[in-house]
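Hello,

Here is the structure we talked about handing over. Please open it beside this email; my notes follow below.

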Amino acid sequence: MAINSKLKLNTSCYHCGDQVEETAYVLDDHDFCCLGCQTVYQILNENNLASYYKYNTHPGKSQKNQKEDLSYLDEPNIVAKLVDYQDEEMAIITFYVPAIHCSSCIWLLENLYKLNPGVKTSQVDFMKKQASITFHKKEISLRELVGLLHNIGYDPKITLQDVVKEGKKFNQNKLIAKIVVAGFCFGNSMMISFPEYFGMAAFEKQYANFFGYMNLAFGLPVLLYSASDYFKSAWISLKQKRLNLDVPLALGIFVLFFRSAYEIISQTGAGFMDTLCSLVFFILIGKWVQQRTYYHISFERDYRSYFPVAVTVIKEHTEKPTQIGDLQVGDRILVRNNEIIPADAILLNGHASVDFSFVTGESKPVEKVLGEVVYAGGRQMGEAIELEVVKAVSQSYLTKLWNNDSFKQYEKKFDTFIGYISKYFTIGLLAVAFVSCAYWLLGGNADKAWAAFTAVLIIACPCALALSSPFTLSAALSIFDKNKLYIKNTAAIEQMAAIDTMVFDKTGTISSPNASSMYFEGSLSSLDKNLIYSLCRNSNHPLSREIIKWLGDGQLLPISDYEEVAGRGQSAKYQDYSIRLGSASYVGSQKVDLEGSVVYVRINDAIKGFFTLEQSWRPGLADVINQFKGESYSLHLISGDNERRADALKMIFPQGSKLLFNQTPGEKLERIHDWQNQDQKVCMLGDGLNDAGALRKADIGIAVSDDINNFSPGCDAILDGDSFDKLPKFFAFSKDAVKVIKMSFIISLMYNSIGLSFAVQGTMSPLFAAILMPISTVTIISFTSLMTRWYAKRRNLI
C-alpha cells in the first residue's frame, strides 16, 4: 500500500465511487477514498470475489464513519427476538439492507458463503431490499454475521420492531429521481426544439448550433443516468449469452443518442435529443406504474390472502378449530401428528419431535423440552402437543414457507406463453430493425436507414408484451383468493389451464367430513374408550376426527410411544396396555372381508371390534364430475379405503374412469407418474396428508382443506372445502386468463405491425414512435384488467 499525502487527486474510489480527496489509499493500482473501502476490496479479492466489480462501476457503499457497537447481539434474549428460526446448530434471519441497489449487491450477498463457511445460504429480495440468511451458529454468531455484512458495506437495519416482517413503505426514490431528470431534460429539450419544428427565421438560425449543443447537453444525463438501468440489464443479458426484453430498447436508445450527437457535432441536422428524452421519460413512467402495481400485488398476497387452514385452540378445557388469521398471542393450541406449527410458541405439554425441513431443508427431527420455544413452520412428528403462542402469526411467513426452495418442484418444467414467445420476440425484432436499416443503406439513403432502424426498435418496444401476462394472472390470483382457492403463484394458473386429467382422493376430499356417520360394532369398556380417545386425539386424519366425535368427551390419558403410519393406522402404549387402530392387516385382524372405511381396534392381544364410516359426498359432487366430463377431462379416483362405496361412485364417475382402492401413498404417487408418462397433464386433489407425495408429483396439486391444519408446502394450491363445487369454474377461468394473455399479445402485435409498417419505410418520426409506445402499454393494462373481470363475472366468480 502506498499513501501520498501531498497530492490532491481528482479521481473516484474504486469501491464506492466517492471522490478521493487529499489522501489516497492505493492497492493493486486502484484508488480508494478510505481504509474501509480498501479493506472491503481486499476481503473480496482474497476470496476470489473481485468479479463483484465487473457487474457495475463503483457498486459498493462508502466505508467512511462506519462504526457501530454490536455487543448487544451477543444477548440470547435479543437474538431470539430477531431470528426467524434457530436450533442448536442453525439459525435463519431476514435483514432489511438499505444498501442493496444493483445486480452486484445481489451477487455478493448471495455469495456470502464464500466469505465465511458458517453461512449456509443467502437469498436476496431485490424489490424489498431484504436478505434471508441461514447460518451455522457454532461457526459464526449473529454478531459476527452482522460484522461481516458491515465489513463489505451492507449494514442491515436492525430493530426489535421487526421492520422486515411488518413491511416497509413503498420506496422508489431512485426511480423517481431518474423520472424527474428525464422529465426536466425532456421539457427543456422540447422547448429548444420548437424553432426547428415550426421553421426558423434568419435570426434564430444564428443560434441553431447553440441550440443543438444545448440539446446534446440535455441528452447526456438522460443517457448516462436515467436510462442506465436498461443498459446494465442488456449488458448482463448479453454476457450470459441470452437476449432479454431490454436489449432492443437499450440498443434503440443508444443508436438514437449517437445518431443525434453525430448530426449536432457535424452540423448536418438538429438530431432527435428531444425524442430521446421523451422516450426515456415515458418508459420510466411505465416502469414506475408497473413496480407500484407489483408492490401492491405482493402486499395483497402476503398479508391479506388467508389460507383456509385452522388450528385447534384450547379454551376452558374445550377444543375449538380457529382460523389461523384469528390466532392471538397467549392462545393455547393443540398440534397433532403431522400438523404444521402455525406460529412461534412455547411447549406446554407433550413430547415435541419437530421436523423443520420446511424451514431449513434439513429433515432431521429436532427434540424440544417443556418451556422451550418451537418455531413456526415445523411439522410435529409424534404425539399431539400443547403450546402457547408467543408471536403473532405472520401470513407473509407462511407464504414464504410455501415458496421455499426446498419445495420447488423441479420436475414440473412448464413453459409459460410469455416465456415461449420471449425467446423469439427479441430475435425477430432485431432482425426487422437490421434488415430495414440495410435495405435503405443499400439504396443510398442513410437518413432513412437510421430513421427506420431507430423507429423499429422504439415502436416495437416489448413493454406491452412483458406486462400482459403478470397483470392478467395477478388479477386472476385475486379473484381465486376471493373464492377461497389459494394458488401458490401466477405460473400455476397457466398450468391449471393445461390440465386434461383430474384425479380425486376419496376420504376428506370428495366425501364431506361434516356430513358423515360413524358406527361401531363390538364391545368397549369405559377404559377402552378413553384409550381410543387419547390415541385418536394425536392424529389429524379424517377417520380419527370422526371417531373422536363418536366418543364424545373422553378422559385424556398420558399415552407414550405414539406412532402413526400413513395410510395404515396408529399405535401407542399406556401403562400395561398396548393399543393399535387401523386397517385389518395393521392390527393383525383376520376379518379382511369388510367393505368401506373400516378402523379396527386392538387392545393388547384382543380385537375389540371395528368402526365403520358411512360417508356422505360433498354437496354438488355429481355436478362437478358432470361438468368436468362435459369439458372432456379424464376423471379418476385413487383411495386408501376399500371398495364398499364403489357402486355408488361408478354411478357418479363416467365410464372409462379408473376407480382405484386400497392404495398406499407410494402407490398413489406411482399412478400419477404412469398417467404423466402417457402425456397426460394431471391435477391431483387430496387432503394433504396421505396424498402429500401425489400432490407434489402431479402437474397441479390441490390440497382440500376444511377446518383442520393440513397445510402442505408441497402442493400448488389450497382449496377451501366450501368452494369444492366451484372447481369446474376455476379451471374454466384459468383457461379464460390464458385467452386474455393471448388476446393482449395479439393487440400488442397489431400495434407493432401498424407501427412497423411505417417505421421500416423511414417515414415515422421517432417522437411519434415514443408516444405510441406508452399508449399501447396503457391499452394492454386496461384491456387485461377489464377482460379478466368480465370473464370472472361470466363464470359467476365475482
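Which residues in α11 meet which residues in α12? From α11 they are Y230, F231, S233, A234, S237 and L238. From α12 they are D246, V247, L249, A250, I253 and F254. By class, that contact has 9 nonpolar, 2 polar and 1 charged residues. Bear in mind that the model is predicted.

Now the geometry of this helix pair. Helix α11 covers residues 228–239. Its axis and that of α12 are 8 Å apart, and the two helices pack at an angle of about 125°.

Next, α12 by itself. Helix α12 runs over residues 246–266, 21 residues in total. From first C-alpha to last it reaches 30 Å, close to the 30 Å expected at 1.5 Å a residue. Just after α12 comes Q267, with a positive phi of about 60°.

Last, the aromatic rings. The count comes to 20 aromatic pairs. One of them is F504 with F653. Their ring centres are 6.0 Å apart and their planes stand at 75°. Planes over 60 degrees apart count as edge-to-face, so this pair is edge-to-face. F504 lies in strand β20, residues 501–504. F653 is in the loop between α25 (646–652) and β28 (659–660). The pair therefore ties together parts that are 149 residues apart in sequence.

Best wishes

Notes: Residues are numbered from 1 along each chain as its sequence is written. This is a predicted model: local features need pLDDT of at least 70, side-chain atom pairs count only at pLDDT 80 or more; totals for chains, interfaces and linings use all residues. Side-chain values use heavy atoms; hydrogens and water are left out. Helices (H or I, at least four residues) and strands (E, at least two) are DSSP runs, numbered from the N terminus. The expected span of a helix is 1.5 Å times one less than its number of residues. Axes are lines fitted to C-alpha atoms, for helices over the stretch in contact, and angles run from 0 to 180 degrees between N-to-C directions. Contact means heavy atoms within 4.5 Å. Ala, Val, Leu, Ile, Met, Phe, Trp, Tyr, Cys and Pro count as nonpolar, Asp, Glu, Lys and Arg as charged, and the others, Gly among them, as polar. Rings of Phe, Tyr and Trp (its six-membered ring) pair if their centres lie within 6.5 Å; planes under 30 degrees apart count as stacked, over 60 as edge-to-face and the rest as tilted.
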